[in-house]
Amino acid sequence: IDFDTIDIISPNFQNFQLAVKEKQDELTSKGVIADDQYVFSDVQAGHAVSWDPKVTVQFLSPAKPQPMVRRNSLVTKIAFGEIKFMITGLIDGPMERELLRKPWLLPANVIKASSHGAGDANILDFVAKVFPPDVAQKYVIFSPRPGVSDPSSQALQAYAAVKATALNTKSKGSITFRTDGKTLTVTTEKP
């Protein structure tokens, strides 16, 4: 692995930062990376970072530490020109409802399904806000972990209701999106 710099963006929560520091120490001790290659940035809901004039990363959640670990998932929105990607992590239905009240929750073209598509996540109200009718290209990625069931019927029905194309890494393998900021193409490892 050859890195110039590794940016670590994390919620400002002590337990998370301790886990990241332990991983950093492990990689440094193995000679994989140099200690000065890490740049830490504490973020919370409402923060945004631009690495390029065309690329912006918005942090939608969490706003404050939550009692349940999965509700502390860092929810991000990556915009490149007119194309937007949302990474939801392990948030659940109650966190999705909280995000519905956020003014910076904008439509997206691609979403990584909340909680891998399992449990009480991917409620229809949230999905409809992420994929309103005026968004032409809509893709949802389900990436079930080993030992986790396939996406819930609630998740499948919610994304079908907004006419999103569902892609599952279990059946499609790696999924690659390419964009020039205006158009979006997708390829999969398996047909």
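**Note on salt bridges and nonpolar cores**

1. In this predicted model, the side chains of E82 and K182 form a salt bridge, with an N to O distance of 3.3 Å. The two residues are 100 residues apart and belong to distant parts of the chain. E82 sits in the loop between strand 5 (75-80) and strand 6 (83-87), and K182 in the loop between strand 10 (175-179) and strand 11 (184-188).

2. The partners fall into separate accessibility classes by the cut-off of 50% for exposed residues. E82 is partly exposed, its relative accessible area being 48%, while K182 is exposed at 57%.

3. The count of salt bridges is two. D150 and K170 also pair through their side chains, at 3.0 Å from N to O. D150 lies in the loop between strand 8 and helix 4, and K170 in helix 5 (residues 169-172), so this bridge ties together parts 20 residues apart in sequence. D150 is partly exposed, with a relative accessible area of 40%; K170, at 54%, counts as exposed.

4. The largest nonpolar core comprises 22 residues, and M86, I111, F126, F131 and Y159 have the most contacts inside it. At least two residues of this core come from each of helix 2 (93-100), helix 3 (124-130), strand 8 (139-142) and helix 4 (153-161).

5. Leaving aside residues up to four places away in sequence, I111 touches M86, T88, F126, V130, F131, Y139, V140, I141 and Y159. Among these contacts, M86, F126, F131 and Y159 are listed with I111 as having the most contacts inside the largest core.

Methods:
Residues numbered from 1 in each chain as written. Predicted model: local features only at pLDDT ≥ 70, side-chain atom pairs only at ≥ 80, totals over all residues. Heavy atoms only, no water. Core = buried A, V, L, I, M, F, W, Y, C linked by side-chain atoms within 4.5 Å. Buried < 20%, exposed > 50% of the residue type's maximum accessible area, 1.4 Å probe, protein only. Helix = DSSP H or I, 4+ residues; strand = E, 2+ residues; numbered from the N terminus. Contact = heavy atoms within 4.5 Å. Salt bridge = Lys/Arg side-chain N within 4 Å of Asp/Glu carboxyl O.
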